[in-house]
Amino acid sequence: MRQFVMVCSLLSLALAGCDNPSADDARADAEAASSIRWNGAAVRQLREAVGRRAAHGLDHLRFVVEGQPGSAEGERALTQSALRYAGAVARGATDPAKLQATYTIPRPEADLRPGLAAALSEGKLGEWIDGLAPQTEQYRKLSDAYLALRGEGDKLAAIPDTRPLNPGAADPRIPAIAAQLAASGYIEGAVGKGDHYTPAMVRAVQRMQTDYGIDPDGVISGDALEILNLPDADRARAIAVAMERMRWLEREPPPTRIDVNLAAARLTYWRDGKIADSRKVIVGKPESATPQLGSPIYRLVANPTWTVPRSIQNGEIAKKGAGYLRRNNMAWKDGWIVQQPGPQNALGLVKFDMKNDRAIYLHDTPAKPLFDEVQRQRSHGCVRVEDALGFADMLARDAGILDEWLAARATGKEAFVELPRAIPVRLYYQTVLFDDEGEPVVRADPYGWNDAVAKGLGFPERQGYKLRTSDADIGP
């Protein structure tokens, strides 16, 4: 396994915060710039570091090392070359805020000049640059997988497209197909260890075909096999994008937080740096994708009302008539349609209020069967939480307000319970997950958001299968 050396003293310099530049910061930058001194050994280390950029999935980009030591102009050029590459490793080669309409997740603030000066002084430029990348086992696993897929290691075996595979047939490709279905979340356990295309596998393939708009006949050939059997180039592309997305994220996120992976439609609750809970969620369908936000939960709402957004009101409810409103406990109020509290309310019995200007929040839902879907991009943009009441109880208990929360629920009326401390939430997008052995698994790109990132990393454009979800219910 490729190991990255972490030089702690240099890394602390490199990732120092710089949110509020001051006169002191400016003086520090000037002092750092004046202390940057290049020599032939340092130039070689920079060239070698850039030459290893495939370890970070950056080999499709050109990082030209310009300049020579010995002149002010040459050293300035070398410094700019080093800072450009170090910045790509530290914060990403692309800017997510420019690739997406909305991206407010906190990013690492890399104050690189002091780190560069220290690395040059200590003769450890290459170690410093590699230490700027995420220092996690998952990032290293992605790096190893990427190098293997591009030809620097064992190639992954492809499933051959020899003939259509019909339900009930026997075929030596079955174990490999079953493994791919399991990796994609369509089957669990030891299904498909033999060589027969079993009914359980057929149902899994049919669900996959439905998700991608293919006739769900259960026959594995052509289109279905192409989805299961990503070529090495596409896997490598997805893994390079996954590394880039990791570089976008701050290295030390809040130890207590909620992470929601929109691509996997899964929530993870971290308590004091450890995973306390993980559960399914339902997120926005592709045409109303949930944005990538950093936005805290600041209160719990028991028995919420739902004020129907104009887009849903005008597009989906306006023509349904007064009878529909009565049946769904809805009424007009000040020009808006408002659904009253109750188990059939589109927000369910709890709402997790968040602070953002996109009106995005977590909530319960009466549409429980949607949690059984593999691809759970089904909502109008908000995030529906599996067993949301149980999750709210957990948060309230951890916050020391469980009695107050249970009392609010018992009223049957809309009631607001403030959290003593807001809980940071990150709604992010990551299409490469990790299996039980910690190995990377490439999953679907339901929003097609990998394409812009891959293009920014220098990969050629490609056309792949996109998720096609059925019509969502009227909930947010």
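The structure holds 7 aromatic pairs. Rings of Phe, Tyr and Trp (its six-membered ring) pair if their centres lie within 6.5 Å; planes under 30 degrees apart count as stacked, over 60 as edge-to-face and the rest as tilted. This is a predicted model, where local features need pLDDT of at least 70, side-chain atom pairs need pLDDT 80 or more, and totals for chains, interfaces and linings use all residues. Residues are numbered from 1 along each chain as its sequence is written, and side-chain values use heavy atoms, with hydrogens and water left out.

**Aromatic pairs around Tyr429**

- The ring centres of Tyr429 and Tyr447 lie 5.6 Å apart with planes at 15 degrees, so this pair is stacked.
- The pair links distant parts of the chain, 18 residues apart. Tyr429 is in the loop between strand E14 (425-428) and strand E15 (432-434). Tyr447 is in the loop between strand E16 (440-442) and helix H17 (450-456). Helices (H or I, at least four residues) and strands (E, at least two) are DSSP runs, numbered from the N terminus.
- Tyr429 also forms a tilted pair with Trp449, at 5.0 Å centre to centre and 55 degrees between the planes.
- Trp449 lies in the loop between E16 and H17, so its pair with Tyr429 ties together parts that are 20 residues apart in sequence.

**Other aromatic features**

- Tyr269, Phe352 and Phe391 form one aromatic cluster.
- The charged end of Lys320 sits over the ring of Tyr324, 5.0 Å from its centre. For Lys, this requires NZ within 6 Å of the ring centre and within 35 degrees of the ring normal.
- The charged end of Lys355 sits over the ring of Tyr298, also 5.0 Å from its centre.

**Asp259**

- Asp259 belongs to strand E1 (residues 257-261).
- Asp259 is buried, at 5% relative accessible area.
- Its side chain makes a polar contact of 3.4 Å with the side chain of Trp270. Such a contact is a pair of N or O atoms within 3.5 Å; within protein, one must be able to donate a hydrogen and the other to accept it, and residues adjacent in sequence count only if both atoms are side-chain atoms.
- Beyond its neighbours within four places in sequence, Asp259 has contacts (heavy atoms within 4.5 Å) that include Arg266, Leu267, Arg426 and Tyr428.

Note on methods. Buried < 20%, exposed > 50% of the residue type's maximum accessible area, 1.4 Å probe, protein only.
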